[in-house]
Amino acid sequence: MSDDRPFHDCDIKPADWLAEDAKAALVAQRLADTVPMLGPKVAEARAALAKERIGEILPDAIGHLRRRASGEDGPILLPNWPNLAAMLGGGFWPGLHILTGGTGTGKSQFALQVALQAALAGIPVRYVGLELDSLGLVARLLCMTAGESAGTWWSSLYTGKWGKTPGVQHLERLVADGGPMLAKLPLYLCTEQGPHGWGYDQIGGAAEQLRTAHPELPPTAPVLFVLDFLQLLGGATPENGAPVRNEDTRERLSKAAYQAREVARKHNVVVLALSSTARTNYAALNGIVLDEMGWPKTHAADLIGVGKESGDIEFASDSSLVLARATGEAKDDGNTYGADPGAMWIGAAKLRAGQSTWCRLVESQGWLSEGAPRGPANTEAAAYVAPQRRKTAGDPAPVRRAKDALQKAEARVAALVDERTACEAQGNTTELAKIDRELDQLHKQIRVRHLPNLQAATKSTGHGHLVPISGRERALADDDDL
């Protein structure tokens, strides 16, 4: 008969306790000893709680954490966007990720580029396009495979309007370069249903199909499921021909979000769901202003809830990203300051795991790449702070030195990002590893040294108004490491 000591006093070593056989034997012995002496209600309650006991959950959870620590399991990587990947904790981890933006801001372009990068890495992808047709998606993908050398926009392929470029010859070059590669990718385009023809209750079955179709993948390896976009999802599919009750848009989207999160957790799926925004929020997303360092003044977290019929969508998500554009701020002198035309900014309004900040993306003929903030070299941003500088004798020496150090670090990051893109195109994995290590070190230096030094110098000299604290700096300053 076993001893009467409490569970935590048993002489079981941690390694044995975590072993599955030892754990199962321990639980079985305890139940065998105690159940006969307990009342039926107590025994029934313990049996119901057995699966929820931490001892039952711990071995699988620790095994999963170990696989992540060793790199055996990882996120969906974003090799073209290292800063965005760092913001997300390495990339898109299994879970529900929402991307919100206004009409024409590049939501589908961003999602399709994520899908292409994942498929090129051998990750199965299912793209449910409820707005775009397969022809438009293929045109975009052909241009994406050529990258910045595509020589045309995807819309030119779609409409046949080539301008000065010989249409047929250019098309055949893109097809010859990208067609064979695209044909081999584990990328599935679902576009037949159209708006509201695809019910939210189909998410689970569609994601499970994707996982089942690729048994060669370890069960913990991620797959990607893209919903473009949430507001075009239909209601629940009628069962046995009996129509379900009508659901309003908010209720439908709430159920869709929570079902997507459940699917993500159950099947290790990265669900990237696009969301439109209400017209009343267009100004908030398309009217951000840059500070003197070239970063948005708006804190990304202030943009939570800008999605149309939001609420449960953001609550259910593991990350909520927003696409914004810096159109600047008009002043009495007739000029616009703090603008960044031609670029889009992606910010994390909510992150369960990662670092909330902004990343700048630049589009070139349908291909999105990271670009360093233009900073004071941007004439518009420089004009924005020039009146403030004329009121003083210039920045004190400590502030100037701190700014210079920060700008040098950020310039080095921008240069390394360009070098990384070139090495990636050449397949130089050795140099890529060196660049990634230096990027990690620079990001840490910026976070734990340069930004705190700049803020400390600004406060100590009383020139706080000269250095507006951007959304990125506020997020970093709130980090527990600082």
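1. The protein averages a pLDDT of 77, and 75% of its residues score at least 70; the model is a predicted one. Confidence in the protein is highest in strand β3 (residues 187-190), at a mean of 96, and lowest in helix α14 (residues 379-390), at 32.

2. Two stretches call for caution. Over residues 1-13 the pLDDT is below 50, and beyond near neighbours in sequence this stretch has 15 contacts in the model. Over residues 376-394 the pLDDT is likewise below 50, and beyond near neighbours in sequence that stretch has 33 contacts in the model. Where pLDDT is low, the predicted coordinates should not be read in detail.

3. The strands β3-β2-β4-β5-β1-β6-β9-β10-β11, in that order, form an open sheet of nine strands with mixed pairing. Strands β3 and β11 (367-370) are its edges, each pairing on one side only, and neighbouring strands are turned against each other by 20° on average, direction ignored.

4. At the β3 edge of this sheet, strand β2 (residues 125-129) runs parallel to β3 and is joined to it by four bridges; within this pairing, tyrosine 127 has leucine 189 of β3 as its bridge partner. Helix α7 (residues 134-146) packs on the sheet, where it touches β2, β3 and β11, and its direction makes about 150° with that of β3.

5. Asparagine 80 sits in the loop between α4 (54-70) and α5 (82-87). With a relative accessible area of 15%, asparagine 80 falls under the 20% limit and is therefore buried. Not counting residues up to four places away in sequence, asparagine 80 touches Gln113, Gln117, Trp367, Glu370 and Glu424.

6. The count of aromatic pairs comes to four. In one of them, the ring centres of tryptophan 81 and phenylalanine 110 are 4.8 Å apart with the planes at 10°, so this pair is stacked. Because tryptophan 81 lies in the loop between α4 and α5 and phenylalanine 110 in helix α6 (residues 107-120), the pair ties together parts that are 29 residues apart in sequence. Tryptophan 81 and phenylalanine 110 are both buried.

7. A further pair is formed by tryptophan 198 and phenylalanine 225, whose ring centres are 6.2 Å apart and whose planes stand at 35°, so the arrangement counts as tilted. This pair links distant parts of the chain, 27 residues apart, with tryptophan 198 in the loop between β3 and α10 (203-212) and phenylalanine 225 in strand β4 (residues 223-228). Tryptophan 198 counts as buried at 4% relative accessibility, and phenylalanine 225 is buried with a relative accessible area of 0%.

Note on methods: Residues are numbered from 1 along each chain as its sequence is written. This is a predicted model: local features need pLDDT of at least 70, side-chain atom pairs count only at pLDDT 80 or more; totals for chains, interfaces and linings use all residues. Side-chain values use heavy atoms; hydrogens and water are left out. pLDDT is the predictor's confidence in each residue, from 0 to 100. Helices (H or I, at least four residues) and strands (E, at least two) are DSSP runs, numbered from the N terminus. Contact means heavy atoms within 4.5 Å. Buried means under 20% relative accessible area, exposed over 50%, partly exposed in between (1.4 Å probe, protein chains only). Two strands pair if DSSP finds at least two bridges between them. Axes are lines fitted to C-alpha atoms, for helices over the stretch in contact, and angles run from 0 to 180 degrees between N-to-C directions. Rings of Phe, Tyr and Trp (its six-membered ring) pair if their centres lie within 6.5 Å; planes under 30 degrees apart count as stacked, over 60 as edge-to-face and the rest as tilted.
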